[in-house]
Amino acid sequence: MQSDHTYVVCAYGDSPYLRECLDSLKAQTRPSAILMTTSTPSPYLEEMAREYGAEYIVRQGKSSIGADWNFGLSQVKTPYATIAHQDDTYAPQYGEWVMAQLAAYPDSLICHTRYQEKIGDRITADTVNLKIKNAMSRFVNLFAPRCRWLRSRVLALGDFVGCPSVSYHLTNLKDFTFDDSLHVTLDWDGWRRIFQRKGRICYVKQCAMTHRLHEGAETSAAIADHSRQQEDLLMFQRFWPKPIAGFLAKRYQKSLETKK
């Protein structure tokens, strides 16, 4: 068991996919500690934590994604951490690949990876949206891993960082927290502020994790009630004047609806 990295599973409800996630974390070629935090405690979650040897911590107070993520990271005692999303799975080499990058660059801030998507039991082919995200990730990795201005300009065109794939160098992000007033774009806003810091953004070009798409996911609900569109527009306005932000937000929404 490595003593420098922790997987933080911010569990919510009794997800039917949680076991698959934990199985993938236990199968890592570079084992790390597992910490499960929750604001919705249940016997199911407590038993799952016990079965997989995870530390189990209950957060008091109203549940929100940002508050849960911030609490989870605040409980980590290692210099590196990954917020492992409970519905997603991680390739056996995920920790090995990510930690090789983070350890190689002492000034690293985060490391994210290429990822794939899953609907039901089927891995989907790369959509146009994923191909664009991969291209943006490779561009930043090649030309702007430390250039704050250029990588921020790329991020201003859309969120290309796969949130479940991200690992954090907490030593270099001691005062960082997610904005818990946001419900969908809090990760994009987090990268915006992290990208403005001095340090390196690392990237793993291998497909290192699988993101599950399902109707119960927060993103799916946000698209259905249009809060996704509202927060996307807000994010573009943080990068651009309002006329340009409005145009980009409409184009961005169309790209999210692209299925192939």
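The legends below walk through several close-up views of this predicted model. Residues are numbered from 1 along each chain as its sequence is written, and side-chain values use heavy atoms, with hydrogens and water left out. Because the model is predicted, local features need pLDDT of at least 70 and side-chain atom pairs count only at pLDDT 80 or more, while totals for chains, interfaces and linings use all residues.

**View 1. Strands S2 and S3 with helix H2 form a right-handed β-α-β unit.** Helices (H or I, at least four residues) and strands (E, at least two) are DSSP runs, numbered from the N terminus. Here strand S2 covers residues 32–38 and strand S3 covers residues 55–58, with helix H2 at residues 43–51. S2 and S3 pair in the parallel sense over four bridges; two strands pair if DSSP finds at least two bridges between them. Look for Leu35, which stands opposite Glu55 in S3. A crossover is right-handed if, with the strands pointing away from the viewer, the path from the first strand over the helix to the second runs clockwise.

**View 2. Ser39 sits in the loop between S2 and H2.** Is Ser39 buried or exposed? Ser39 counts as buried, at 12% relative accessibility (buried means under 20% relative accessible area, exposed over 50%, partly exposed in between, with a 1.4 Å probe and protein chains only). The Ser39 side chain makes polar contacts with the side chains of Ser63 (3.0 Å) and Asp68 (3.3 Å). A polar contact is a pair of N or O atoms within 3.5 Å; within protein, one must be able to donate a hydrogen and the other to accept it, and residues adjacent in sequence count only if both atoms are side-chain atoms. Leaving aside residues up to four places away in sequence, Ser39 touches Ala11, Arg59, Gly61, Ser63 and Asp68, where contact means heavy atoms within 4.5 Å.

**View 3. Ring pairs link Trp69, Tyr168, Phe176, Phe178 and Trp191 into a cluster.** The structure holds 13 aromatic pairs. One of them joins Trp69 and Phe178 edge-to-face, at 5.0 Å centre to centre and 70 degrees between the planes. Rings of Phe, Tyr and Trp (its six-membered ring) pair if their centres lie within 6.5 Å; planes under 30 degrees apart count as stacked, over 60 as edge-to-face and the rest as tilted. This pair links distant parts of the chain, with Trp69 in helix H3 (residues 65–74) and Phe178 in the loop between strand S8 (167–169) and helix H7 (186–195), 109 residues apart. Both partners, Trp69 and Phe178, are buried. Phe178 also pairs edge-to-face with Tyr168, at 6.3 Å centre to centre and 85 degrees between the planes. Tyr168 lies in S8 and Phe178 in the loop between S8 and H7, so this pair ties together parts that are 10 residues apart in sequence. Tyr168 is buried, with a relative accessible area of 1%.

**View 4. Arg146 lies in the loop between helix H5 (128–143) and helix H6 (148–155).** At 43% relative accessibility, Arg146 counts as partly exposed. Which side chain makes a polar contact with the side chain of Arg146? That partner is Asp107, at 2.8 Å. The C-alpha atoms of Arg146 and Arg200 are separated by 4.6 Å, although these residues are 54 residues apart along the chain.

**View 5. Arg151 lies over the face of Phe195.** Arg151 is at 5.7 Å from the ring centre. In another such arrangement, the charged end of Arg153 sits over the ring of Trp240, 5.0 Å from its centre. A charge sits over a ring if NZ of Lys or CZ of Arg is within 6 Å of the ring centre and within 35 degrees of the ring normal.
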